[in-house]
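Please look through the sequence and the three-dimensional model below before reading on. The report after it takes a few local features one at a time.

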Amino acid sequence: MSRIGNNPVVIPQGVTVDINDGVVTVKGKLGELTQNFDSVDIKVEDGNVLVTRSSDTKDQKAKHGLYRSLMRNMIEGVSKGWTKELELVGVGYRASNQGQKLELALGYSHAIVMSLAPEVKVETISEKGKNPIIKLTSHDKQLVGQVAAKIRDFRRPEPYKGKGIKFVGEVLRRKAGKSA
């Protein structure tokens with residue numbers, strides 16, 4: 001059984017943690033995040049955040065490690081930020097952005113235009129001879145992961161040629177084609 005919930009979360013310089021009736025607000029140089037925490041106790045002591053449970057019920061045991069991880073992700077997000085990079089693999093696949101609008105050409109009969117949340121910063125990198133890369137940055141880990149997954153769903157990588165949108169560094173399961 002994991003004991004990750006017992007580990008304290010270190011609060012870095014420039015980050016403040018406020019706790020009011022189960023609602024935790026974390027402020028840092030990159031932004032502010034708020035999260036509801038129920039059935040666990042959260043305390044700030046000596047520059048650390050401690051997540052404790054009052055009993056060993058199944059519900060509290062399940063949420064103990066989860067809430068500690070959410071707290072760590074919030075603190076790291078407002079201090080360093082989170083980044084996801086997507087790579088477009090395929091002939092003619094292109095990506096461009098104008099502010100918060102992302103335009104994708106993925107082999108369909110039309111271009112896909114996607115408006116992104118203001119919290120997510122998007123950057124497209126197109127170099128000659130390399131696959132286009134979409135770089136998403138935000139202080140909210142859940143939001144940046146959700147946006148990346150939504151973009152990836154427009155054209156998932158297929159197992160035969162590997163064409164599609166994949167995460168940078170992702171290893172795809174490849175299949176052999178027809179054998180003659």
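This is a predicted model: local features need pLDDT of at least 70, side-chain atom pairs count only at pLDDT 80 or more; totals for chains, interfaces and linings use all residues.

Residues are numbered from 1 along each chain as its sequence is written, and side-chain values use heavy atoms, with hydrogens and water left out.

**The sheet**

Helices (H or I, at least four residues) and strands (E, at least two) are DSSP runs, numbered from the N terminus, and two strands pair if DSSP finds at least two bridges between them. Three strands, in the order β2-β3-β4, make up an open sheet with antiparallel pairing. At its edges are β2 (16-20) and β4 (31-36), each of which pairs on one side only. Strands of a sheet pair through backbone hydrogen bonds, either parallel or antiparallel. Here β2 and β3 (residues 23-28) run antiparallel and are joined by five bridges, and the table lists two residues of the sheet with the residues they face in β3.

| Residue | Opposite residue in β3 |
|---|---|
| Threonine 16 | Lysine 27 |
| Asparagine 20 | Valine 23 |

The hairpin of β2 and β3 has two residues between the strands, and in this hairpin aspartate 21 takes a positive phi near 50 degrees.

**A buried glutamine**

Glutamine 60 has its place in helix α1, which covers residues 58-79. Is glutamine 60 buried or exposed? Buried means under 20% relative accessible area, exposed over 50%, and partly exposed in between (1.4 Å probe, protein chains only), so glutamine 60, with a relative accessible area of 10%, is buried. A polar atom of the glutamine 60 side chain lies 2.9 Å from the backbone nitrogen of serine 55. If residues up to four places away in sequence are not counted, glutamine 60 touches Ser39, Arg53, Ser54 and Ser55, where contact means heavy atoms within 4.5 Å.

**The nonpolar cores**

A nonpolar core is a set of buried Ala, Val, Leu, Ile, Met, Phe, Trp, Tyr and Cys residues joined through side-chain atoms within 4.5 Å. The largest one has 21 residues, and Leu88, Leu104, Ile134, Leu136, Val147 and Ile151 have the most contacts inside it. Two or more residues come from each of β7 (82-89), β9 (101-105), β10 (112-115), β12 (133-138) and α2 (141-152), and α2 gives the most to this core, with five residues. Apart from this core lies another, of 17 residues, with Ile11, Val49, Val51 and Ile75 among them.

Note on methods: A polar contact is a pair of N or O atoms within 3.5 Å; within protein, one must be able to donate a hydrogen and the other to accept it, and residues adjacent in sequence count only if both atoms are side-chain atoms.
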